[in-house]
Amino acid sequence: MICLNVGFFHDCRAFGSTSRARLESKRNHQIQTRLLFSFPYFWRCSATLPLMAEVEQKTKFDTNSAASLVQDLRDSFSSGKTKSYEWRVTQLKSILKLVDDREKEIVEALRKDLSKPELESFVSEISMTRSACKLALKELKKWMKPEKAKTSMTTFPSSAEIVSEPLGIVLVISAWNYPLLLSLDPVIGAIAAGNAVVLKPSEIAPATSSLLAKFLEEYVDCSVIRVVEGAAAETSALLEQKWDKIFYTGNGRVGRIVMAAAAIHLTPVILELGGKSPVVVDSDINLQVAARRIIAGKWGCNNGQACISPDYIITTKVYAPNLIDALKCELEEFFGKDPLESEDISRIVNSYHFARLMKLLDEDKVSGKIVHGGQQDEAHLKIAPTILLDVPEDSLIMNEEIFGPLLPIITVDKVEDSFHVINSRAKPLAAYLFTNSKNLKEEFVRSISAGGMLINDTILHLATSTLPFGGVGESGMGSYHGKFSFDAFSHKKAVLYRSFGGDASARYPPYTARKQRLLKALLNGSIFGIIHALIGKD
Ligand code: NAD
């Protein structure tokens, strides 16, 4: 904490003395907050109890703290500094530096929060955060440039452009499963677009949350980029404030709370939610490659605790045994005979989610359907990759997002029947198809509505920065990644330029018959009508 303090004053030396004083008081407040979180330490010394009570009273992050935080940010934002290209670039470079300098600590935090394998942490959190930052740095000048727009006869002579301007003060609320990426990726977009931003990481991944709280403000301009740690109470205090955009990642239940809170202030929201992402498996495929890619997207992504992990498979009755054999064989190759002992698979995040998954598995009509896996180790929060065959449509596991290592397979007579199964449910965040059939691919893209889709692989569309990432219907609204992140946090301001020349009297009263003819012809785009009106009489 003391080091952090020193780092903070060092970083803020560039600010004016008034703002420095304000920031010092803010930092003291934050230090007190962290002292509060270090509760057990103080508990050992009874003499500190009155002091603790005082500290607790002062530092609880409530509606007042949230209001004053937002006010501070608004004051700083209105100085206009976040709008400059240079400021944005400096902040993005600082985030890159944070990730580079703190890579070891990040890997360690992710290990503590989720037992996330180091390679997974590197590929799907560290490297993806770096790529988002690097892309923004490379493209920012282009993104910020006003976009020329065509004008019409109606406004002739004129020129037009679309100017991207920052929205103002934005709130990013992130989730626990990719706690670094899901926090920093939207923050990168918000900064690139020139906003002030408050990040609220997930309390369910406490090590990463505290890492972000400790380091982010140390690296970036903390007068406009802040982190608030906490759970529902702290998030509710934040949600009561007026924001210019709220970017929320998490489940739909809280998504509704966020949207209701935003509606009070007419604040726009982006909701990055989840859902049941299906995988349709045809029979004319390279089965080994398909099985490996399904495993990579399911158990190789945080042990199924990923928003676009395959949630369930649909294949034909005839083909299911082949698919199950292939999955079993590749699973053993990847995670060994006892996957609970494997270092290459994340654990379940906490006992609440462990019990939730057990409930899905223990349902009477489901427990007899396990065809592979099913082992569990409650003490270490581990569940082995588990495959189930022909679970009933009305089971819990087929009606909730699984978000864990259980993978049911539904069978149909013909692979085309799978489209009806998918379309009879809420629109998923992702939909996958393995096939070599051109017709089936076309039909899949044409008839299935999903946030995104990927043919013959899983997950990878998320890593394609030229594609928007977001849901539709129950799986969310709005999107981000690459330029879409910049757009998500920008207002597209329409600007039309005119001069004083070419002032047509036809638009002004008195509205004579000739003027009406001329205006109608103009608006209808009829050259003949325009000539006729110009040479005709009143
Ligand atoms: P979570 O428990 O971390 O909650 C998300 C955020 O909501 C946290 O910051 C938390 O503090 C806050 N929150 C929780 N309860 C709240 C309340 N009552 N009021 C206000 N804020 C509250 O994460 P989760 O919801 O368990 O995340 C898993 C879900 O998120 C899954 O549905 C998954 O598919 C989805 N998800 C979507 C994406 C995506 O990019 N679309 C990414 C990851 C996860």
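Reader: Before anything else, which angles count as oblique, and which as roughly parallel, antiparallel or perpendicular?
Author: Angles under 35 degrees count as roughly parallel, over 145 as roughly antiparallel, 65 to 115 as roughly perpendicular, and the rest as oblique. Keep in mind that this is a predicted model.

Reader: Good. At what angle do H6 and helix H10 pack?
Author: About 135 degrees, with the axes 9 Å apart. H10 covers residues 206-219. H6 and H10 are therefore oblique to each other.

Reader: Is that crossing left-handed or right-handed?
Author: H6 and H10 make a right-handed crossing.

Reader: Which residues meet there?
Author: From H6, Ser94, Ile95, Lys97, Leu98 and Asp101. From H10, Phe215, Leu216 and Tyr219. Sorted by class, the contact of H6 with H10 has 5 nonpolar, 1 polar and 2 charged residues.

Reader: And how does H6 pack with helix H7?
Author: H6 is residues 85-101, and H7 is residues 103-114. Their axes lie 4 Å apart, at an angle of about 70 degrees. That makes H6 roughly perpendicular to H7.

Reader: What meets what between H6 and H7?
Author: Val99, Asp100 and Asp101 of H6 meet Glu103, Glu105 and Ile106 of H7. The contact of H6 with H7 has 2 nonpolar, no polar and 4 charged residues.

Reader: What about H13 and H14, how do their axes cross?
Author: At roughly 60 degrees, coming within 9 Å. H13 spans residues 287-298, and H14 spans residues 320-335. H13 and H14 are therefore oblique to each other. H13 passes H14 in a right-handed crossing.

Reader: Which residues make the contact of H13 and H14?
Author: H13 brings Leu287, Gln288, Ala291, Arg292, Ile294 and Ile295. H14 brings Asn322, Leu323, Ala326, Leu327, Glu330, Leu331, Glu333, Phe334 and Phe335. The contact of H13 with H14 divides into 10 nonpolar, 2 polar and 3 charged residues.

Reader: Let's zoom out. How many helices and strands does the protein chain have?
Author: The protein chain has 21 helices and 18 strands.

Reader: What share of the residues is buried?
Author: 51% of the 538 residues in the protein chain are buried.

Reader: And how many of the contacts join residues at least 24 apart?
Author: 70%, counted among contacts between residues at least 6 apart in sequence.

Reader: New topic. How many disulfides are there?
Author: The count is 0 disulfides.

Reader: Take Cys222. Buried or exposed?
Author: Cys222 has a relative accessible area of 1%. Buried means under 20%, so Cys222 is buried.

Reader: What does Cys329 count as?
Author: Cys329 counts as partly exposed, at 48% relative accessibility.

Reader: S2 came up. Where is Val163 found?
Author: Val163 is found in strand S2. Val163 is buried, with a relative accessible area of 19%.

Reader: What does Val163 touch?
Author: Leaving out residues up to four places away in sequence, Val163 touches Pro146, His491, Lys492, Lys493 and Val495.

Reader: And what separates the C-alpha atoms of Val163 and Met144?
Author: A distance of 7.9 Å. Val163 and Met144 are 19 residues apart along the chain.

Reader: Back to loops. What is phi of Leu381?
Author: Near 55 degrees, which is positive, in a residue other than glycine. Leu381 sits in the loop between strand S11 (376-377) and strand S12 (382-383). Leu381 counts as buried, at 14% relative accessibility.

Reader: And what phi does Asn456 have?
Author: A positive phi of about 65 degrees, although Asn456 is not a glycine. Asn456 is in the loop between strand S16 (452-455) and strand S17 (476-477).

Reader: What is the relative accessible area of Asn456?
Author: 21%, and Asn456 is partly exposed.

Definitions and conventions: Residues are numbered from 1 along each chain as its sequence is written. This is a predicted model: local features need pLDDT of at least 70, side-chain atom pairs count only at pLDDT 80 or more; totals for chains, interfaces and linings use all residues. Side-chain values use heavy atoms; hydrogens and water are left out. Axes are lines fitted to C-alpha atoms, for helices over the stretch in contact, and angles run from 0 to 180 degrees between N-to-C directions. Helices (H or I, at least four residues) and strands (E, at least two) are DSSP runs, numbered from the N terminus. A crossing is left-handed if the near helix is turned anticlockwise from the far one by less than a right angle, and right-handed if clockwise. Contact means heavy atoms within 4.5 Å. Ala, Val, Leu, Ile, Met, Phe, Trp, Tyr, Cys and Pro count as nonpolar, Asp, Glu, Lys and Arg as charged, and the others, Gly among them, as polar. A disulfide is a pair of cysteine sulfur atoms within 2.5 Å. Buried means under 20% relative accessible area, exposed over 50%, partly exposed in between (1.4 Å probe, protein chains only).
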